[in-house]
Amino acid sequence: PGGLATSNVPAGQAASVSSGTQQAWYDTAWSHVKQTWNDGRVEAYVPFWTYHLPFAYTPSQRENYNEFPAGFGLGKGRFNNSGNWEGIYAMGFRDSHGDPSFMLGYGWIPTWRVNQSDFKVGVGLTAFLMSRTDYWNGIPFPGVLPVASIGYKNLNIQAAYVPGGTGNGNVIFAWAKWTFD
């Protein structure tokens, strides 16, 4: 009555159910990371484009930003039993100001083959730690971003969207990824 939710589970038991659920989530995530590390194939990452969306930046701001984030990364990736890509990666590149930036992360991209061919497309997420000199003086910070991927055989072009407001974020960051056999 009155919109109050009640439970028949004793308080101590409810806490252990909640704790067990959190532990199960952590165990599942860690299991995916370990399996990707153990079973994944080596991958090379080459960041090649940063696009600052025009609606969020003045022409003079965009003119002064670096849009070619020279860099390199290595990782390990695999397609899981559902056909979705999972990968661990570390990447270093030049940020929008030309300063060094570093990422260490995990990606999960549900992937679909186009007409049973070697072409594949996908959309997913990446969770990472990143270090930039213009954020917290280079102290690593966490993030989660949406990622899109299009590929043919061992080559994929992937891009993440960085949301934001006027004069920050609203950036598309793209890289090529080669998976070694």
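In strand 8, Leu 155 is the bridge partner of Tyr 152; strands here are DSSP runs of E with at least two residues, numbered from the N terminus. This is a predicted model, in which local features need pLDDT of at least 70 and side-chain atom pairs count only at pLDDT 80 or more, while totals for chains, interfaces and linings use all residues. Residues are numbered from 1 along each chain as its sequence is written, and side-chain values use heavy atoms, with hydrogens and water left out.

**Strand 7 and its partners**

- Strand 7 (residues 141-152) and strand 8 (residues 155-162) pair in the antiparallel sense over six bridges; pairing requires that DSSP finds at least two bridges between two strands.
- The two strands form a hairpin with two residues between them, and Lys 153 in the turn has a positive phi of about 50°.
- Strand 6 (residues 119-132) is joined to strand 7 by 12 bridges, and these strands run antiparallel.
- Tyr 152 of strand 7 is the bridge partner of Phe 119.
- The covered face of strand 7 consists of Phe 141, Gly 143, Leu 145, Val 147, Ser 149 and Gly 151, whereas Pro 142, Val 144, Pro 146, Ala 148, Ile 150 and Tyr 152 form the uncovered face.

**Thr 126**

- Thr 126 is found in strand 6.
- This residue is buried, with a relative accessible area of 5%; buried means under 20% relative accessible area, exposed over 50%, and partly exposed in between (1.4 Å probe, protein chains only).
- The side chains of Thr 126 and Tyr 89 make a polar contact (2.5 Å), that is, a pair of N or O atoms within 3.5 Å, where within protein one must be able to donate a hydrogen and the other to accept it, and residues adjacent in sequence count only if both atoms are side-chain atoms.
- Apart from neighbours within four places in sequence, Thr 126 is in contact (heavy atoms within 4.5 Å) with residues including Tyr 106, Gly 143 and Leu 145.

**Nonpolar core**

- The largest nonpolar core has 15 residues, of which Met 91, Met 103 and Trp 175 touch the most other members; such a core is a set of buried Ala, Val, Leu, Ile, Met, Phe, Trp, Tyr and Cys residues joined through side-chain atoms within 4.5 Å.
- Strand 3 (85-94), strand 4 (100-109), strand 6, strand 7 and strand 9 (171-179) each give two or more residues to this core, and strand 3 gives the most, with four.

**Confidence**

- The mean pLDDT of the chain is 90, and 89% of its residues reach 70 or more; pLDDT is the predictor's confidence in each residue, from 0 to 100.
- Over residues 1-9 the pLDDT is below 50.
- Where pLDDT is low, the predicted coordinates should not be read in detail.
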